[in-house]
Amino acid sequence: MRKNSIKNTRVNGEVHRVLAEVIRSEIKDPRIDPMTSVVSVEVAPDLKTCKAWISVLGDEDSQQNTIEGLRSAEGYIRNLLAKKINLRNTPEIRFILDQSIAYGVTMSKKIEDISRADDERHVDDSRNDDDFQE
């Protein structure tokens, strides 16, 4: 994996900020879930393409609808991006569904369930120890 230059890192950050703002406030497509966030943005060094990882809090249908809505509004989003950021080229945006936040929530819930079951088992063991001491 190639190390990003300082310029590329700044461009990624600025595109990320503007893209999040545009999705949050400018797009009125009902397919796009209100709980949509831009997780990460990677702009190619030649500024021709951009990958945007999108996270949607909701079920699978709302996630797919949001990605479809964003893909259909790509031209409008590129137009707004060009107006708000002065770049030599406005990149073509490819929206990718990011499941990492949902995966993290699921794993946290599983860890919590295991921890709770373990605590309950230790409480039951200590009660059984008290029964033997009497």
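The model shown is predicted.

**Helix H1**

Helix H1 runs over residues 6–25 and has 20 residues. From the first C-alpha of H1 to the last, the helix reaches 29 Å, which is close to the 28 Å expected at 1.5 Å a residue. Which residues of H1 are buried? They are Asn-8, Val-11, Asn-12, Val-15, Val-18, Leu-19, Val-22 and Ile-23.

**Salt bridges**

How many salt bridges does a search of the whole structure find? The search finds nine.

| Pair | N to O distance |
|---|---|
| Lys-84 and Glu-21 | 3.2 Å |
| Asp-113 and Lys-109 | 3.4 Å |
| Arg-116 and Asp-113 | 3.3 Å |

In the salt bridge between Lys-84 and Glu-21, the closest N and O atoms are 3.2 Å apart. Lys-84 belongs to helix H3 and Glu-21 to helix H1, so this pair ties together parts that are 63 residues apart in sequence. Are these two residues buried, partly exposed or exposed? Lys-84 is partly exposed, its relative accessible area being 36%. Glu-21 is also partly exposed, at 26% relative accessibility.

The other two pairs in the table involve helix H4. Asp-113 and Lys-109 both lie in helix H4 (residues 100–133), where they are four residues apart, about one turn of the helix. Arg-116 and Asp-113 are three residues apart in helix H4, so about one helical turn separates them. Asp-113 takes part in a salt bridge with Lys-109 and in another with Arg-116. With a relative accessibility of 33%, Asp-113 counts as partly exposed. Lys-109 is exposed, with a relative accessible area of 52%. Arg-116, at a relative accessible area of 43%, is partly exposed.

Elsewhere, salt bridges that share partners form one network, which joins Glu-14, Arg-17, Glu-21, Glu-26 and Lys-84.

**The protein as a whole**

The protein has four helices and three strands. What pattern does the protein follow when read along the sequence? The pattern is α-β-β-α-α-β-α. Of the 134 residues of the protein, 28% count as buried. Contacts between residues at least 6 apart in sequence can be sorted by their separation: 64% of them join residues at least 24 apart. The protein exposes about 9400 Å², and carbon and sulfur atoms supply 51% of that area.

Terms used:
Residues are numbered from 1 along each chain as its sequence is written. This is a predicted model: local features need pLDDT of at least 70, side-chain atom pairs count only at pLDDT 80 or more; totals for chains, interfaces and linings use all residues. Side-chain values use heavy atoms; hydrogens and water are left out. The expected span of a helix is 1.5 Å times one less than its number of residues. Buried means under 20% relative accessible area, exposed over 50%, partly exposed in between (1.4 Å probe, protein chains only). A salt bridge is a side-chain nitrogen of Lys or Arg within 4 Å of a carboxyl oxygen of Asp or Glu. Contact means heavy atoms within 4.5 Å. Accessible areas come from the Shrake-Rupley method with a 1.4 Å probe; for residues, only the protein chains shown count as cover.
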